[in-house]
Amino acid sequence: MLETKGYAAFDPNSPLAPFNFERRDVGAHDVLIQILFCGVCHSDLHTAKGEWGGALYPVVPGHEIVGRILKVGDHVKKFAVGEMAGVGCMVGSCQSCPSCADGLEQYCENGFIGTYNSPEPGLETPTYGGYSNQIVVSENFVLKIREDQDLARVAPLLCAGITTFSPLRHWGVRQGHKVGVVGLGGLGHMAVKLAASMGAEVTVLSTSPNKEADAQALGAHKFVVTKDQEALKEVSSYFDFIINTVSAKVSLDMYASLLRRDGTMILLGVPPEAPELHAGTLIFGRRRIAGSLIGGIAETQEMLDYCAEHNILSDIEVININQINTAYDRMLAGDVKYRFVIDMASLENTNA
Ligand code: NAP
Ligand code: ZN
């Protein structure tokens, strides 16, 4: 077993703190990665605080991982020692169900293995995520990362990037489409960049008036403060698609009413409580509400290559691991520009 250092949540209410644990040895098909950077997703916070139920404490969050390969198993074909690699939200799936056969491991009919907080086959302990110095992952769930990029800014692509890229691709967003993005946080700012790069007219729908200039700098064409009734009227029955990234309980009626006839709102945010929605909002206008979960491994690689080609990176604030609890507080307050990324070298300076 491999002695590993990290940070964990030990219960829903205490701050995250240093945690030493063991990872499995590098198997024939495994890759050992020294973690350089790990993004901080709102899903980390939901899980650490037990908001979704089923937290397997201690929880080591983190599923936006970029690092360097330290070791490969005897049968590893796609990766070599010294290369840069990424790991997103999944580290395993059955590889045999229809969804896995379609390259949609995130919809694995036997349940994918999450990068953290999933039972780990063959071990008593759960999977532990990227708030740590190293990780062992099957090569089928490792991504190739081009080294000539700002690697800290690449890390959030592994979740925020693919979670927004996948629905934009699935619903064929292109020039001529009007896309609304609800919530300018980690996912939202990537949705703006990606939808704009695909040629769509992008409008940010935000509760925070002070984010207007940033929204424009990120590539948005319009900015609507959702508390401003007059501004909302101007985009009534307007959008072909709305990407909804809100992490808290909200009424969906107001947002759905901004869809044109046959428009689609794609839910990405997973608030702990069910949202409200009146059937009439959908019926009048034949509107649709859909959901989308991260993306498959092949599509994640496609997204990473697309972003490298188009020079799309996340806008980040780099933090040390011992600032993670403050970062969670700021994320809850909507005060992130626009993703925190942990510099994992800072772990060496803690007492873990
Ligand atoms: P985040 O950085 O905290 O951004 C969420 C944004 O939502 C905030 O910046 C804020 O934007 C807006 N917001 C927050 N509270 C709100 C409220 N009460 N009413 C209206 N808007 C509110 O979070 P994230 O990392 O982007 O994650 C967003 C959600 O997606 C989380 O629930 C996360 O678990 C989920 N997620 C889903 C997937 C998936 O596969 N579907 C993948 C990753 C994450 P404004 O200030 O602009 O209003
Ligand atoms: Zn995430």
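**View 1. Helices 1 and 5 at ligand 1.** Helix 1 (42–48) and helix 5 (186–197) each give at least two residues to the shell around ligand 1. Helices here are DSSP runs of H or I with at least four residues, strands are runs of E with at least two, and both are numbered from the N terminus. Helix 1 supplies the largest share of that shell, three residues. The model is predicted: local features need pLDDT of at least 70, side-chain atom pairs count only at pLDDT 80 or more, and totals for chains, interfaces and linings use all residues. Residues are numbered from 1 along each chain as its sequence is written, chains are lettered from A and ligands numbered from 1 in the order in which they are written, and side-chain values use heavy atoms, with hydrogens and water left out.

**View 2. The shell around ligand 1.** Ligand 1 is surrounded by 30 residues, each with a heavy atom within 4 Å of it. The closest are Ser206, Thr207, Ser208, Lys211 and Arg339. By class, the shell holds 14 nonpolar, 14 polar and two charged residues. Nonpolar means Ala, Val, Leu, Ile, Met, Phe, Trp, Tyr, Cys and Pro; charged means Asp, Glu, Lys and Arg; the others, Gly among them, count as polar. Domain 1 (2–159 + 295–349) and domain 2 (161–291) each contribute at least three shell residues. The domain bounds come from an automatic or database domain assignment.

**View 3. Polar contacts of ligand 1.** A polar contact here is a pair of N or O atoms within 3.5 Å. The side chain of Thr207 places an N or O atom 2.6 Å from an oxygen atom of ligand 1. At Gly186, a polar backbone atom lies 2.9 Å from an oxygen atom of the ligand. Leu268 has a backbone N or O atom 3.0 Å from a nitrogen atom of ligand 1. Taken alone, ligand 1 exposes 930 Å², and the protein buries 89% of that. These accessible areas come from the Shrake-Rupley method with a 1.4 Å probe.

View 4. The strands run in the order 12-11-10-13-14-15, with parallel pairing. Two strands pair if DSSP finds at least two bridges between them. Strand 12 (222–225) and strand 15 (288–291) are the edges, each pairing on one side only. From one strand to the next, the twist averages 20°. Inside the sheet, strand 13 (residues 239–244) and strand 14 (residues 259–267) pair in the parallel sense over five bridges. Asn244 has Leu267 of strand 14 as its bridge partner.

View 5. The peptide bond from Tyr57 to Pro58 is cis, with omega near -5°. Pro58 sits in the loop between helix 1 and strand 4 (65–72). Another cis bond runs from Lys337 to Tyr338, with omega near -20°. Tyr338 belongs to the loop between helix 11 (324–332) and strand 17 (339–343). Asn117 is not a glycine, yet has a positive phi of about 65°. Its loop lies between strand 7 (113–114) and strand 8 (134–138).

Definitions and conventions: Polar contact = N/O pair within 3.5 Å; in protein donor to acceptor, adjacent residues only side chain to side chain. Axes fitted to C-alpha atoms, helices over the stretch in contact; angles between N-to-C directions.
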